[in-house]
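Hello,

Here is the structure we talked about. Please open it alongside these notes.

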Amino acid sequence: PPRGITQEDWMCTYRARRFNPESDPATWRAESLPEMLIDSICFDVRGGGNTFDGCFADTGETGFRIDGVTFLTGCHVFNNYRFGMDHMLAIDHQSGRLTVSHCHFDAWCTPHPTLYRAADGATLTVRDSVAAKFPDAFPV
């Protein structure tokens with residue numbers, strides 16, 4: 001962000017640029033948008049035997065996209081709504097077996113968060129994990 005700008009002004013500028021990159025062509029290029037974008041995925045996991053220990057998925061529209069056998073241990077998902085993404089999805093479980101253990105998922109002040117979405121045939125095991133400020137819960 002430009003120097004001397006307030007956080008509130010930066011968030012307004014960020015949202016305007018993200019939804020309409022051509023709105024400020026003098027200082028912004030569509031091909032150089034920051035990571036925190038619509039449709040962004042922090043961890044896009046494919047294959048089998050994946051183990052994530054202590055990972056932090058920070059302010060992506062999807063925290064973890066899982067397609068295969070995966071273990072999440074001590075991982076965190078967080079969305080800072082000030083960056084403008086209001087439809088956060090913590091876990092998008094496409095296929096395979098997912099084990100979630102000792103993880104923390106925080107929607108903070110996200111208006112429309114979703115904790116977990118699974119495709120048919122995906123298998124989930126959850127142990128001692130926390131989901132804060134989500135309207136839904138892990139399926140039992």
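**What was found**

The accessible surface of the protein is about 7,800 Å². Carbon and sulfur atoms hold 51% of that surface. Areas come from the Shrake-Rupley method with a 1.4 Å probe, and for residues only the protein chains shown count as cover.

A note on the source: this is a predicted model, where local features need pLDDT of at least 70, side-chain atom pairs count only at pLDDT 80 or more, and totals for chains, interfaces and linings use all residues. Residues are numbered from 1 along each chain as its sequence is written, and side-chain values use heavy atoms, leaving out hydrogens and water.

The protein has 140 residues, and 37% of them count as buried (under 20% relative accessible area, 1.4 Å probe, protein chains only). Contacts mean heavy atoms within 4.5 Å. Among contacts between residues at least 6 apart in sequence, 54% join residues at least 24 apart.

The protein has 1 helix and 12 strands. These are DSSP runs numbered from the N terminus: helices are H or I with at least four residues, strands are E with at least two.

Four strands make an open sheet in the order β1-β4-β7-β10, with parallel pairing. Pairing takes at least two DSSP bridges between two strands.

Ile66 stands opposite His93 in β7.

Best wishes

How values were computed
Buried < 20%, exposed > 50% of the residue type's maximum accessible area, 1.4 Å probe, protein only.
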